[in-house]
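Subject: Structure handover

Hello,

Here is the structure we spoke about. Please look it over, then read the notes below.

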Amino acid sequence: MFFNRILPKPAWLPEVIQRTTPEEIEFLRSHPRLQTSIAEFASVDEVLALLPRFQAAAAAAKAAPVPQLISGAANTCAAPEWIWPQRMARSKLTLLGGAPGSGKSAFVTDVMARVTAGSAWPCQEGMAPKGAVLLIAPQGDADVFGLRFRAAGGDVAHLHALREVKDGTRMRPFDLEKDLAGLDPLIKGIRDLRLIAIDAVPGAAATRKAEALFAQLAALARRHGVAVLAVVRQSGGDYLSRRPGVFATLPLMAAPTAFVVEIDPNDESRRLLLQVKNELSDDPGTLAFGILRRDNAAAVSYAARKPAVSPHEFTARNAPSFNSAKAEAIAFLRGQFSKAAQRKVADIETEARAAGLMKANQAISQCRALRDARLALGLMAIRTGFGPGGSWVWAKPDAAEADQAEAPAQASEPTPVISPPLQPAPRETQDPAEWNAQRHL
């Protein structure tokens with residue numbers, strides 16, 4: 001009999017039938033998984049007490065999803081509240097990538113130290129709002145982090161760290177996928193929390209898995225009104241090759257800002273913080289910093305000025321096809337456009353020949369180094385004028401957009417029409433003698 005398999009004691013069957021409705025009996029028959037849940041129960045009361053919970057769960061699972069519409073004034077928005085102006089905002093997720101050994105952990109430690117101390121950001125980018133920070137570092141070494149944090153000038157009184165979870169009678173490392181939901185009461189208990197730093201989120205090969213995890217971290221930031229800075233560990237990282245870290249295989253929809261730490265190919269002791277994505281502001285610029293030893297720990301030391309290298313140019317420089325000819329062409333074009341928003345192609349060709357970058361009879365369209373340099377710098381090729389009087393120019397993106405915005409306005413203006421002067425109306429009657437004289441003219 002079916003109930004002999006689901007009930008611990010078949011003798012309970014008459015009492016179960018007597019105390020349940022036909023619908024509940026049918027529910028028991030259609031859900032054999034109850035067997036594993038009530039196999040160790042000692043009484044009929046415990047068996048029957050389990051029924052409402054299973055029935056509610058089954059009803060919720062069958063219910064159709066209901067789209068939630070937000071209309072009119074309910075669609076609200078607010079300006080970003082910055083933790084680090086134009087880089088990290090409150091209630092938002094920021095992702096940080098980079099090659100193994102590039103200095104990501106040292107950078108995050110420096111960020112945390114500045115928030116706990118309320119000190120200034122580099123390159124005159126404002127002051128950090130002083131408050132508490134929470135570090136989630138399941139695989140991190142507490143001694144290494146502690147030395148780095150003190151070397152960076154952090155205030156340990158505002159520091160909270162989470163590395164392990166008590167699971168039953170044993171301790172295990174914190175698991176983002178399993179334990180993230182249990183963070184809410186812990187976070188609510190931290191007073192004046194400004195930043196949650198996670199070192200590190202595994203760079204999962206499965207796109208959907210990473211997307212779901214990033215979405216949960218973004219929701220966590222919104223619920224508690226804190227900035228979340230998550231380091232993304234590169235899958236299959238190689239500390240010897242130091243291959244640049246990329247976000248190409250990871251979904252970034254949940255993170256409005258993302259940055260990457262790269263080792264400068266021209267100076268292995270220098271790191272570059274490059275923008276990958278920023279939906280909240282313009283690019284604040286590239287930061288350069290070095291990793292030095294301070295108080296027996298690795299510490300970050302920022303350059304006084306921002307280097308004149310954009311993420312686009314850095315990517316172009318590190319492309320497999322990049323060579324010294326392209327580097328010279330980039331330097332040449334940067335000089336050409338240092339003070340000018342646009343330049344005629346004919347003028348660029350003349351000076352490029354004088355600099356030895358082009359042959360005497362070579363057109364700029366035949367010089368691959370200059371063409372690639374134009375793409376690396378993001379210059380636009382625009383046709384100005386029409387017919388024999390027209391010419392090609394290379395222009396910075398801002399100048400090109402301005403020209404394109406003005407063109408439709410000029411075309412839409414009505415062409416002025418000059419009307420001839422009004423003539424007096426002819427007379428309806430005319431003298432016969434005058435008419436005969438005009439007829440014979």
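First, two terms: strands are DSSP runs (E, at least two residues), numbered from the N terminus, and two strands pair if DSSP finds at least two bridges between them. The model is predicted, so local features need pLDDT of at least 70, side-chain atom pairs count only at pLDDT 80 or more, and totals for chains, interfaces and linings use all residues. Residues are numbered from 1 along each chain as its sequence is written, and side-chain values use heavy atoms, without hydrogens and water.

**Sheet**
Three strands form an open, antiparallel sheet, ordered β14-β16-β15. β14 (342-344) and β15 (380-384) are at the edges; each has a single partner strand, so one side of each lacks a neighbour in the sheet. Three antiparallel bridges join β14 to β16 (residues 391-395). Gln 342 has Ala 395 of β16 as its bridge partner.

**Salt bridges**
A salt bridge puts a side-chain nitrogen of Lys or Arg within 4 Å of a carboxyl oxygen of Asp or Glu. The count is 15. Arg 343 and Glu 351 form one of them, at 3.2 Å, N to O. Buried means under 20% relative accessible area, exposed over 50%, partly exposed in between (1.4 Å probe, protein chains only). Arg 343 is buried at 18%; Glu 351 is partly exposed at 35%. Lys 277 and Glu 279 also meet in a salt bridge (3.5 Å, N to O). Here Lys 277 is buried at 17%, and Glu 279 is exposed at 54%. A network of salt bridges links Asp 167, Arg 170, Arg 172 and Asp 179.

Best wishes

Key:
Helix = DSSP H or I, 4+ residues; strand = E, 2+ residues; numbered from the N terminus.
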